[in-house]
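Hi everyone, thanks for coming. Please have a look at the picture first.

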Amino acid sequence: MKKDWIIIFFLTVITGCSTLQLTPVDFSWPLEAVLKVDEQGFVKEDRYSIKMNVQNLFNEEFGLGANAANRSIRIIRNSVGTYFITSEGFKNVYLFNQEPGVMSLTKKIPVSEIGLKNPFFNQRDSHIELVDGNLKLNLSNEGIIGDKK
């Protein structure tokens with residue numbers, strides 16, 4: 001009898017310590033969001049329930065004190081939950097992952113030596129496509145897939 005209680009105790013501890021996971025999960029957004037930066041440096045997207053201050057992103061791209069107000073950012077999320085962000089004039093695409101209360105930069109992908117003119121993102125099955133005029137790049141969490149076109 002005592003042996004049975006020991007076994008039940010250990011089974012309870014083992015199953016009680018396992019983390020509940022829901023898989024598979026597709027975190028992708030079907031369309032990019034184009035978000036206007038307000039006077040305080042914030043963008044907000046009600047459809048995907050996201051609000052964040054992007055002033056530091058503009059400071060990173062253009063230097064300290066860059067004016068982000070009334071500019072727009074392009075943002076899309078891939079199937080594993082990484083956010084891809086860029087804007088007109090940016091030379092890079094920034095990849096962020098979500099943590100409690102913060103977006104952490106995971107990768108900065110150089111995409112243009114002169115700055116993007118009219119960029120937009122497309123969601124693809126295996127990657128995010130960045131298009132800017134004749135420039136078409138396939139992006140993943142690791143960077144650019146294949147050659148620049």
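Let's begin with two side chains: arginine 74 and glutamate 32 are joined by a polar contact of 2.4 Å. Please keep in mind that what you see is a predicted model, and that the values I quote are computed from it.

Where does arginine 74 sit? You'll find it in strand E4, which covers residues 72–77. And is arginine 74 buried or exposed? Its relative accessible area is 18%, and the limit for buried is under 20%, so arginine 74 counts as buried. What does it touch, if we skip residues up to four places away in sequence? Glu32 is on the list, together with Ala33 and Val34; then come Phe84, Ile85 and Thr86, and finally Pro119, Phe120 and Phe121.

With 28% relative accessibility, serine 72 counts as partly exposed. Leaving out neighbours within four places in sequence, serine 72 is in contact with Val34, Leu35, Lys36, Phe58 and Ser87.

Now to the aromatic rings. In general, a pair of rings is described by the distance of the centres and the angle of the planes. How many aromatic pairs are there? The count comes to six. One of them joins phenylalanine 58 and phenylalanine 90, edge-to-face, with 5.2 Å from centre to centre and 75 degrees between the planes. Phenylalanine 58 belongs to helix H2 (residues 55–62), while phenylalanine 90 is in the loop between strand E5 (83–86) and strand E6 (92–99), so this pair ties together parts that are 32 residues apart in sequence. Phenylalanine 90 also pairs with tyrosine 94, again edge-to-face, at 5.9 Å centre to centre and 80 degrees between the planes.

How covered are these rings? Phenylalanine 58 has 0% relative accessibility and counts as buried. Phenylalanine 90 is buried too, with a relative accessible area of 0%, and tyrosine 94 is likewise buried. If we put the group together, Phe58, Phe62, Phe90 and Tyr94 form one aromatic cluster.

One more ring before we zoom out: lysine 51 lies over the face of phenylalanine 42, at 5.2 Å from the ring centre.

So, the whole protein. It has two helices and eleven strands, and along the sequence they follow the pattern α-β-β-β-α-β-β-β-β-β-β-β-β. Of the 149 residues, 38% are buried. The protein exposes about 9700 Å², with carbon and sulfur atoms supplying 54% of that area. Among contacts with a separation of 6 or more, 44% are between residues 24 or more positions apart.

Finally, a word about confidence. The mean pLDDT of the protein is 88, and 84% of its residues reach 70 or more. Where is confidence lowest, and where is it highest? Helix H1 (residues 2–17) is the lowest, with a mean of 55, and strand E9 (residues 128–132) is the highest, at 98. Where pLDDT is low, the predicted coordinates should not be read in detail.

Methods
Residues are numbered from 1 along each chain as its sequence is written. Side-chain values use heavy atoms; hydrogens and water are left out. Helices (H or I, at least four residues) and strands (E, at least two) are DSSP runs, numbered from the N terminus. Buried means under 20% relative accessible area, exposed over 50%, partly exposed in between (1.4 Å probe, protein chains only). A polar contact is a pair of N or O atoms within 3.5 Å; within protein, one must be able to donate a hydrogen and the other to accept it, and residues adjacent in sequence count only if both atoms are side-chain atoms. Contact means heavy atoms within 4.5 Å. Accessible areas come from the Shrake-Rupley method with a 1.4 Å probe; for residues, only the protein chains shown count as cover. pLDDT is the predictor's confidence in each residue, from 0 to 100. Rings of Phe, Tyr and Trp (its six-membered ring) pair if their centres lie within 6.5 Å; planes under 30 degrees apart count as stacked, over 60 as edge-to-face and the rest as tilted. A charge sits over a ring if NZ of Lys or CZ of Arg is within 6 Å of the ring centre and within 35 degrees of the ring normal.
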